[in-house]
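Okay, everyone, thanks for coming. Could we have the structure up on the screen, please?

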Amino acid sequence: LGCYGYQRPTSPALDAFARESVVFEQAESASPWTAPALISLVTSLYPDVHRVYHFPNPRRMSARATTLAEILKEHGYATAAFTEGGYAKGEFGLDQGFDVFPANPGDDDSNESNMTNPCRLEYNLRLALALLGSERRRPRFLLFHTYEVHDPLRVPDEFVSIFRPGWVAAAAY
């Protein structure tokens, strides 16, 4: 990405967005999998403190943990979260402090509901945009999580050649 110093023009839209944003140059996840990583993100606690780390059935986070949503809600914010379920669902404590945190089909049956049910990205995006458009009396905090970045991705040939000059698609397969 250009915003991180890459010289070729591979990410003009992201680079433009980064010029108007806060860009983190050193960021690491507290965990390599979703449930503890998200709980760490909203609590600023490591998994061994918030206690959400058992795979495949994480427990609910420690009752002593406070979330960013709770703090913001105490300060007058409207809070909402939209996820695609799976390991990003409220039962692990991710819902703590949110005014709105809708459940997803299959969440009661499985921690893999995001893989066994249709994609919810478009539906959640419509809900989030509607909420952002309607709630104007208070400042807002929105957590939006999707699994779409996990989907298999085959980069179009014209983009591969930007990073690998001389690359020939037929030779790669």
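This is a predicted model: local features need pLDDT of at least 70, side-chain atom pairs count only at pLDDT 80 or more; totals for chains, interfaces and linings use all residues.

Residues are numbered from 1 along each chain as its sequence is written, and side-chain values use heavy atoms, with hydrogens and water left out.

So, the core. By nonpolar core I mean a set of buried Ala, Val, Leu, Ile, Met, Phe, Trp, Tyr and Cys residues joined through side-chain atoms within 4.5 Å. Buried is under 20% relative accessible area, exposed is over 50%, and partly exposed is in between, with a 1.4 Å probe and protein chains only. The largest core here has 20 residues, and the ones touching the most other members are Ala 35, Val 52, Tyr 87, Leu 94, Phe 98 and Leu 143. Two or more residues come from each of helix 2 (34–43), helix 4 (68–74) and strand 2 (140–144), and helix 2 gives the largest share, four residues. Those elements are DSSP runs numbered from the N terminus: helices are H or I, at least four residues, and strands are E, at least two.

Let's stay on helix 2. Nine of its ten residues are buried, and those buried residues pack against helix 3, helix 4 and strand 2. Contact, by the way, is heavy atoms within 4.5 Å. Take Ala 35: leaving out residues up to four places away in sequence, Ala 35 touches Val 52, Pro 58, Tyr 87 and Phe 92. Just after the helix, Ser 44 takes a positive phi of about 65°.

Now, where does Phe 55 sit? Phe 55 is in the loop between helix 3 (47–50) and helix 4. Is Phe 55 buried or exposed? Exposed, with a relative accessible area of 57%. Still, Phe 55 touches Trp 33 and Tyr 87, again not counting residues up to four places away.

Last stop, helix 1 (residues 12–19), where we find Leu 14. Leu 14 counts as partly exposed, at 48% relative accessibility. That's it from me.
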